[in-house]
Each structure stands twice: as structure tokens, then as C-alpha cells.
Amino acid sequence: MLTLLVRPAAFEHAPLRVVWISGASDPRACGLSDAQAALLRACAADDSVATNFPFVAGRPAREVPLWIASLSNLVQFLSASTPLFRWAAARHWRALCASSERVLVIAGSCGAQLLRALERATPPGVEVRAIALGPVAWRAPACLEVALVGERDRIARPFVRAGGGARVVSVPGVGHMDYLASELVLGAVRGWVRAHMESWSASRAAPTARATVAAMASARQASIDASSATSSWAAR
């Protein structure tokens, strides 16, 4: 990934952020395909990052022959296990995480292997949760919650093992290249993101509500104390 060599992107603060991570068909670009961008817009238009990892601006995604895309993804998959990749990628991942409190990752194919390497660099206090589409990884990321695996996906299936923390969902009629064309997959991803956004909103609202109740109780007690003090003073 040549884009790892550039300066990390700067992000405005967003408490919750949704990102796409997958191998790049063109290693010189990290633009999203039309289907990837459409999925992010449908999930969280205001809270998503409009580029693939490492999230830097640059040349847009372009169509490349399938054999070049496959070779590029294979190289990224293998390099994700190396110390050099983890070192170069960590600064981009930390730049993203530093701007958020919770990061929701949609990982496609070997994006699961990339995420496995990245999550080690997650700063303390930042929550990362992931859903994977046809995950290709030697070991699942610890943050992976759901793995969608097509019944016709002969690439991802050998990598998916039962057990662990992730729930594996088999998707009928889907091969390795078909995930973003499946309404079942798109609906599952949108539902997963929506559930996390709702739980995040509720968790942020709960402390505020508790603080409001506590403030009201404190004000009520202060009023009672002031009333008692006035009565005592008047009685003297």
C-alpha cells in the first residue's frame, strides 16, 4: 500500500464514526468504489469516512483488471502480518481513532486481516466494533462481532472457523465478489450499524439524564435547606 507512506489524514472530532476497510485493488489509491460509498452513505451519511484505509485523500478508485486486483489484495493480505506494515499503518489508524470515541468498521475480504493488525494500535478509551463481509484473515479480529459468509464464497469459507466471539451468518447465493450486490447483506450491515448508533445514543443520553436528575435533586435539597434556614433565623 503506497498510500501508507503519506502523512495521515486529519479528522474533525466525531463521537462515533463508520469506516470501510478492505484491500485496495489499486495500491496507489484508497478511494471507495461506487458500491462501497453507497453502502456507507446508506448507513451513516454524516458519520462515515469517504475513503478506504488508510483514509487519505488522493486519486479516486479506478477499474483495474481482475488479476491485478487479486494480486494487489494478496500482497496486502500477506504484508499485514509484517512488523513494517503494522508500524506504517498504526499512525493512520491512531489518527482516525484519536478523533472518535467509537469506530464501527465494515471489513471486506482481507480487510479483516488488515483490521487484525490495526486493532493492536487502538488508543485506550476508544471502542472498535466490526462486521465483516467474506472475511479473509488468519485469525479473526478481536473486535469482530458478525461475519457474513456467502454460501458460494470459496475464498473466505476456508478462513472462517466456528467459535470465537463473532457470529457467523451464512448468506445464500453469494460468492466472494457478490456481497455488495446482495440485498440480504446490505440490509444486515445497515441493521448492524443502526443498532450500534442507537445504543451509542442511548448510552450518551443516560449519563445526561442521570446528571439532570441529580442536579434537580440537588437544587430541590438546596431549596429545602434554604427554607429551613430562613425559618430558623426568623424564629430567633
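1. R129 and E145 are joined by a salt bridge (a side-chain nitrogen of Lys or Arg within 4 Å of a carboxyl oxygen of Asp or Glu), in which the closest N and O atoms are 3.4 Å apart.

2. Because the model is a predicted one, local features need pLDDT of at least 70 and side-chain atom pairs count only at pLDDT 80 or more, whereas totals for chains, interfaces and linings use all residues. Residues are numbered from 1 along each chain as its sequence is written, and side-chain values use heavy atoms, with hydrogens and water left out.

3. A second pairing, between the side chains of R152 and D178, is a salt bridge of 3.5 Å from N to O. R152 lies in the loop between β4 and β5 (167–171) and D178 in the loop between β5 and α5 (183–235), so this pair ties together parts that are 26 residues apart in sequence. R152 counts as exposed at 52% relative accessibility, while D178 counts as partly exposed at 28%. Through salt bridges that share partners, R102, E127, R129 and E145 are joined into one network.

4. The search of the whole structure finds six salt bridges, among them the one between R116 and E119, whose closest N and O atoms are 4.0 Å apart. Both partners count as buried, R116 at 17% relative accessibility and E119 at 15%.

5. Helix α3 (residues 83–97) packs against helix α4 (residues 111–118) at an angle of about 85°, with the axes 9 Å apart; the axes are lines fitted to C-alpha atoms, for helices over the stretch in contact, and angles run from 0 to 180 degrees between N-to-C directions. The two helices are therefore roughly perpendicular, on a scale where angles under 35 degrees are roughly parallel, over 145 roughly antiparallel, 65 to 115 roughly perpendicular and the rest oblique. The contact (heavy atoms within 4.5 Å) is made by F85, R86, A89 and W93 of α3 and by L114, L115, A117 and L118 of α4.

6. Helix α3 also holds H92, which counts as buried at 1% relative accessibility. Leaving aside residues up to four places away in sequence, H92 touches T3, L4, V6, R7, P8, F53, P54 and V56. The C-alpha atoms of H92 and V6 are separated by 9.4 Å, although the two residues are 86 residues apart along the chain.

7. In helix α1 (residues 34–44), the buried residues are Q36, A37, L39, L40, C43 and A44. Seen down the axis of α1, they fall within an arc of 160°, so they line one face of the helix; the arc is that of the directions from the helix axis to the C-beta atoms. On the other side of α1, D34 and R41 are exposed.

Conventions
Helix = DSSP H or I, 4+ residues; strand = E, 2+ residues; numbered from the N terminus. Buried < 20%, exposed > 50% of the residue type's maximum accessible area, 1.4 Å probe, protein only.
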